[in-house]
Amino acid sequence: MGSYADTTAPAKLDYQLHNPSFTPQDDTYRTIDALFSEVVSTPEYADLWARVRTGFTIPELDHQLVSKWENYYASRPEYLNRIIKRGTPYLYYVVNEVEKRGMPMEIALLPMIESAFNPRAESSVKAAGMWQFMPATGKDYGLERTWWYDGRRDVVAATSAALDYLSGSYNQFGDWQLALASYNWGPTAVARAVAKNEAASLGTQFIDLRTPDETRNYVPKLLAVRNIIANPDAYGVTLESLPNKPYFATLTVGKHMDVKVAAELAETPVEELLKLNPGFIRPVIAYKDDRSLVLPIAKVAAFQKNLASYDKPLLNWQPYVTKQGESFEQLASAFGVAASELKEINDIGGRERTARGQTILVPKITGLDVSDRQTLMALAANRAAEPVDTGANDKPHTPVLASAEHKVIKGDTAYNIAKRYGMNVDQLQSMNKTANAQIKIGQVLRVSARPGKIATGNDGREYIAKRGDTFTSISKRYKVATADLKKWNSSKSIQAGTKLVIY
């Protein structure tokens, strides 16, 4: 091969690539653009909800618990919109991150279930933040907790950690409903439940597993919220429109600075700064390379300009090493603050009178002005844990559904009619004041006036029978007529493992 290559003249492969007089035709340019252009056209949405709805992909779960939670949220529209209002500064960011990873858009709604979109929420078992991370789990996913900062409350850091967790669970189970269950119950527990069902020749989908009540309701809650947001009119709910544009931006400051100074540079109230940076829990923002400062997007340019020309100290607080037995009252007086303020800043118990040699924060300049005290009050509120808003105190009321009429024809079922009009079977029964899902040809039913699909999925659902199942028990569970169930399936009898289709 070497001698042949040495003696053979090189082939000419120019094909006009270097011919200065050659001009490609218009169709050539169009072909090049079509094949090699890096510009990808994406739909433009003025409303964030429209964008969110196009990303729903988790299969529908036809279960009474979904209906239960649909009714719960739909009958508390003020609660639903309170969650949305609380999450408005963060939702665009979460949607963007979910979309970047190619995950189902239902995941962006998960903070509605976890914390009602409250980064300061803390559960009775000490799960904290918008994504409700337990201390140990947060540490496993890189959420740092120090005296200065709690990463579980940091919207940017915690969102990244939560999506890492859910992506890992999906890779493990290959099923988003199981991935969601593992976020609540833990992947080890879910894997154990799946293995137990496999050993017993039972189904291994989420709805087939024996789980704690909290987990049993967890996935239905999310899917119920998804269904309402997918078609709010069908539930008599009006959602506040959200702009499809970012509310905040992140930047790396590169310096330690006071919370108050950062707010002044950003020309933003301290309360607003802390709302976007709930992870910062002391008067000083301690800089680290992997820690971001979050600012309203409209204030980033002002912050950078003001920081460049700022000629005052960025820090007005300093560490002070106390002496054993030193009086907090005397220390507070020496630094021009109230003893209660000194204790509040440093997490010192109200009953503690003397120091024990610990390091505390004190003002560099004696005396605090009004704005300093307002900042301390805002920090105290930011540090305080808040219970998760579950809507339990909201008075439920019956949703008002716009209605039309549907005349039952041959082949209709309560399930298919409900689905056609963007409803569930319970809502169909409620609108028609019936106690069961039995319908007859010629019957006129009241239905939602605005048809729309609540969720994606095929009209027919596959069900794998479990030990003890009968046609009657399955038809009751799925609210269909036993005669219809038998008609849809050729099986004369049912045993564990029998595959059935339900419409």
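His63 is in contact with Ile207 and Arg216, its neighbours within four places in sequence being left aside. The residue sits in the loop between helix 3 and helix 4 and is buried, with a relative accessible area of 15%. The model is a predicted one. Its secondary structure comprises 21 helices and 10 strands, and buried residues account for 47% of the 503 residues.

**Overall contacts**

- Of the contacts between residues at least 6 apart in sequence, 72% join residues at least 24 apart.

**Nonpolar cores**

- The largest nonpolar core contains 74 residues. Within this core, the residues with the most contacts are Trp49, Tyr73, Met112, Trp131, Leu180 and Tyr183.
- Two or more residues are contributed to this core by each of helix 3 (48-53), helix 4 (64-74), helix 5, helix 6 (110-114), helix 8, helix 9 (176-185), helix 10 (187-199) and helix 11 (213-230).
- Helix 5 makes the greatest contribution to this core, with 11 residues.
- Tyr73 is in contact with Tyr79, Leu80, Ile113, Lys221, Ala224, Val225 and Ile228, when its neighbours within four places in sequence are left aside.
- Another core, of 41 residues, lies apart from the largest one. Its members include Tyr320, Leu331, Ile348 and Leu361.

- Gly87 belongs to helix 5 (residues 77-100). At 1% relative accessibility this glycine counts as buried, because the cut-off for burial is under 20%.
- The C-alpha atoms of Gly87 and Pro111 are 8.5 Å apart in space, although the two residues are 24 residues apart in sequence.
- The axes of helix 5 and helix 8 (residues 155-173) come within 11 Å and cross at roughly 35°. This crossing is right-handed.
- On the helix 5 side, Tyr90, Tyr93, Val94, Glu97 and Val98 form the contact. They meet Val155, Val156, Thr159 and Leu163 of helix 8.

- Val300, Phe303 and Leu307 are buried in helix 14 (residues 300-309).
- Viewed down the axis of helix 14, these buried residues fall within an arc of 60°, and they therefore line one face of the helix.
- An α-helix has 3.6 residues a turn, so residues three or four places apart point the same way.
- The buried residues of helix 14 pack against strand 1 (248-251), strand 2 (257-258), helix 12 (259-265) and strand 4 (293-296).
- Ala301, Lys305, Ala308 and Ser309 are exposed on the other side of helix 14.

**Loop residues with positive phi**

- Ser201, a residue other than glycine, has a positive phi, near 55°. Ser201 is placed in the loop between helix 10 and helix 11.
- Ser201 counts as exposed at 55% relative accessibility, because exposure requires over 50%.
- Glu267, likewise a residue other than glycine, has a positive phi near 50°. The loop between helix 12 and helix 13 (270-276) holds Glu267.
- With a relative accessible area of 47%, Glu267 is partly exposed.

Definitions and conventions
Residues numbered from 1 in each chain as written. Predicted model: local features only at pLDDT ≥ 70, side-chain atom pairs only at ≥ 80, totals over all residues. Heavy atoms only, no water. Helix = DSSP H or I, 4+ residues; strand = E, 2+ residues; numbered from the N terminus. Buried < 20%, exposed > 50% of the residue type's maximum accessible area, 1.4 Å probe, protein only. Axes fitted to C-alpha atoms, helices over the stretch in contact; angles between N-to-C directions. Left-handed = near helix turned anticlockwise from the far one by under 90°. Contact = heavy atoms within 4.5 Å. Arc of directions from axis to C-beta. Core = buried A, V, L, I, M, F, W, Y, C linked by side-chain atoms within 4.5 Å.
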